[in-house]
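Please brief me on this fold. Start with the helix packing, then cover the sheet.

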Amino acid sequence: MKSVGIAVGMIETLGIATTIEATDMMLKTADVAVFQLNKTDPALVTTYITGDVSAVKLAIEAGKQVAERTGALVAYSVIHSADNLTINQLIIER
C-alpha cells in the first residue's frame with residue numbers, strides 16, 4: 001500500500017449554514033484545501049480537507065469548535081497519512 005503523505009480530515013455537521021461557517025473557519029485557521037463535500041440529506045453534510053498533518057488537525061479542531069457551539073457537530077476524524085485508495089474512494093463523483 002502506498003500512502004501519499006498527506007492527511008485527510010473529515011467533519012460532519014447538521015445544516016448547511018453550520019457547514020459553511022465551519023469550513024470557512026477551517027480554511028482561515030490553517031493551510032488546508034477542501035476537496036469534497038458530501039450532502040447525505042438536506043441536513044447532514046460532511047466536509048473533507050487535505051494538507052499536512054498539523055494543519056489538518058488544527059483546521060478540524062477549529063471547525064469542530066464552530067459546530068459544537070451551534071450544537072451541530074455529528075462526527076470528525078483525521079487520517080494522518082492517507083492511502084491513495086482511500087482518497088480515490090472519497091473523490092468519487094456523486
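Which elements do the buried residues of α1 pack against? They pack against β1 (7–14), β2 (33–41), β3 (44–51) and α2 (53–70), where contact means heavy atoms within 4.5 Å. This is a predicted model: local features need pLDDT of at least 70, side-chain atom pairs count only at pLDDT 80 or more, and totals for chains, interfaces and linings use all residues. Residues are numbered from 1 along each chain as its sequence is written, and side-chain values use heavy atoms, with hydrogens and water left out.

**Helix α1**
- Helices (H or I, at least four residues) and strands (E, at least two) are DSSP runs, numbered from the N terminus.
- Buried (under 20% relative accessible area, 1.4 Å probe, protein chains only) describes T18, T19, A22, T23 and M26 in α1.
- These residues cover an arc of only 130° around the axis, which puts them on the same side of α1; the arc is that of the directions from the helix axis to the C-beta atoms.
- The face turned away from the buried side carries A17, I20 and K28, which are exposed (over 50%).

**Sheet**
- The open sheet has 4 strands in the order β2-β3-β1-β4, with antiparallel pairing; two strands pair if DSSP finds at least two bridges between them.
- β2 and β4 (73–79) are the edge strands, each pairing on one side only.
- β1 and β4 pair in the antiparallel sense over 6 bridges.
- T13 stands opposite L73 in β4.

**Helices on the sheet**
- α1 packs on the sheet and touches β1, β2 and β3.
- α2 also packs on the sheet, touching β1, β3 and β4.

Notes
Axes are lines fitted to C-alpha atoms, for helices over the stretch in contact, and angles run from 0 to 180 degrees between N-to-C directions.
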